[in-house]
Each structure stands twice: as C-alpha cells, then as structure tokens.
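Subject: Structure for you to look through

Hello,

Here is the structure I said I would pass on. Please have it open while you read the notes below.

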Amino acid sequence: MGTQLATAEGSSGPHYELRDPDVRLMMAVRDGDARAFEELMLRYQNRLVTILEHLIGNRETAEDLTQEVFLRVYRARHTYVPGAKFSTWLYTIANNLAANARRSRSRRKEVNLPTQGSGPQAANPLAELAQAASGLMPARQLDKAEMRDIVRLSLAVLSERQRMAVLLNKFENMSYADIATTMDMTPQAVKSLLMRARVNLKEVLEPYLEEGSRPRTEPST
C-alpha cells in the first residue's frame, strides 16, 4: 500500500501541488531533480528516524527503515502523482514498514524496549511529551536526557496504533484527516484512538509526576 497513496487519487494532484511545498519538491524529483530529493531527505530524515525509533524501539533499525522509506520514495518517483500531502504519503510508507518490521521481530521472538527514569512534571502529558521531544523543555524543569527517557517509556506503554497516532499528531502536527489516511482509519476513529492514548498516558505519567516513580512499561491493549 506504501506508494499507492500517491497514485490512486491523481485528480487531487493540482490541489496538493499548489498547497504543499513538499509535493512540489517530489514533483521535481519525478522530473529528475536530484537536489529536490536531497532537500526532502534533509527535511524528513531525522523526523522519520525519531518516529520509527519510537515505533520499533531500536535506533539502528529505525535508521535502516528510514533508508528503506526513502528508497521506496525514489523508486516510485517516475509514477508519482500526488493524492495526499507528501508527509501523509511518506508516513504511510513508514507505518507499513514499521508494521512489517514488528511482525518479523515477533516471528523471531525478539524482545526489546526501554530502561530508566525519575523526577517531577506537568498538566498536559501529550503537550509536555511533544515539547520535551522537540528539545524545548526548559532546563529548570527536567534534565533533557531524563525527559527523553520518560517520553520513550511513556510512549512504549501505548498500543502500536495509539503510539503512531500520538507521534503523528503531536510530533508532526498532522490533522485527524491526514492521520486517518496514513493509518487507513476514519478521522472519528483517530479521534477516539487519541482520546484513549491520552487516558493511558495520564495513567502512566501520574505516578511519575507526583512521586517520581518510573512509568510502567507494559503496552496497553
């Protein structure tokens, strides 16, 4: 399904080309502009690695998958016709690759995921998590390394779908409609998914915020 999103809705092409500068870059890639592809990689590479690392729980695998995402984008360049925002298409490919990687890992019965943490924090867990992950958390409140660890532990507790929705919504500022397209869901289902994620995050973070207890690490169902 990865590259189909870009080609299945060809009539929407001009709309997205006008409104999304990244779509215009991808159109340039389609026409053979290598620098446009480099620009897209610069814009999305680190963001993709961060999201995939949260989804997979392993930095090295996340970097490999990011390379694979860009490889698929490049291979699909000749047939590219925008049917969605570029980021929606890109994260759809990433989401599918992450799901494949998790299935492969599950078949191999491999297990990974998080480690440490402790300290105090605030009222809106999702906003705090997004702020912390973007490196903007004031130093007076928490050590950045510790906060990153808490972000990682907290997200790991969410189900895979909740985690992906939170990452796209709070880290990539994607709308419910775009997340729905990326995850093959309805916008209403995405809204419900995010509501459940907020409840789960609040439950996980409360002991940490109130007592400094390390978040539990068992995934939600």
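Two residues are in contact when heavy atoms of theirs lie within 4.5 Å. By that rule, and leaving out residues up to four places away in sequence, methionine 26 touches Leu40, Val73, Arg77, Tyr80, Phe86 and Trp89. Please keep in mind that this is a predicted model.

The chain as a whole

The chain has 11 helices and 0 strands, so the order of elements from the N terminus is α-α-α-α-α-α-α-α-α-α-α. It has 221 residues, and 46% of them count as buried. Among contacts with a separation of 6 or more, 68% are between residues 24 or more positions apart.

The core

Which residues touch the most other members of the largest nonpolar core? They are Met26, Phe86 and Trp89, in a core of 50 residues. Two or more residues each come from helix H3 (21–30), helix H4 (34–56), H5, H6, helix H8 (144–157), helix H9 (160–171), helix H10 (176–183) and helix H11 (187–211). H4 gives the largest share, 10 residues.

Aspartate 22 counts as buried because its relative accessibility is 9%, and the cut-off for buried is under 20%.

H5 against H6

Two packed helices are described by the angle between their axes and the distance between the axes. For helix H5 (residues 59–75) and helix H6 (residues 86–107), the axes come within 10 Å and cross at roughly 130°. That angle is why H5 is called oblique to H6. The crossing is right-handed. On the H5 side the contact is made by Leu65, Glu68, Val69, Arg72 and Val73, and on the H6 side by Trp89, Leu90, Ile93, Ala94, Leu97, Ala98 and Ala101. Sorted by type, the residues of this contact are 10 nonpolar, no polar and 2 charged.

Methionine 164 sits in helix H9. Is it buried or exposed? It counts as buried, because its relative accessibility is 1%. Its contacts, apart from neighbours within four places in sequence, are Ile51, Leu55, Tyr91, Asn95, Thr182 and Met183. Methionine 164 and leucine 194 are 30 residues apart in sequence, and their C-alpha atoms are 9.7 Å apart in space.

Thr182 and Met183 are also among the buried residues of H10, together with Asp178, Ile179 and Ala180. These buried residues pack against H6, H9 and H11.

Two loop residues

Asparagine 173 is in the loop between H9 and H10, and its phi is near 55°. Aspartate 184 is in the loop between H10 and H11, and its phi is near 60°. What is the relative accessibility of asparagine 173? It is 64%, so asparagine 173 counts as exposed. Aspartate 184 has a relative accessible area of 61%, so it is exposed too; the cut-off for exposed is over 50%.

Regards

Definitions and conventions. Residues numbered from 1 in each chain as written. Predicted model: local features only at pLDDT ≥ 70, side-chain atom pairs only at ≥ 80, totals over all residues. Heavy atoms only, no water. Axes fitted to C-alpha atoms, helices over the stretch in contact; angles between N-to-C directions. Helix = DSSP H or I, 4+ residues; strand = E, 2+ residues; numbered from the N terminus. Parallel < 35°, antiparallel > 145°, perpendicular 65-115°, else oblique. Left-handed = near helix turned anticlockwise from the far one by under 90°. Nonpolar A, V, L, I, M, F, W, Y, C, P; charged D, E, K, R; others polar. Core = buried A, V, L, I, M, F, W, Y, C linked by side-chain atoms within 4.5 Å. Buried < 20%, exposed > 50% of the residue type's maximum accessible area, 1.4 Å probe, protein only.
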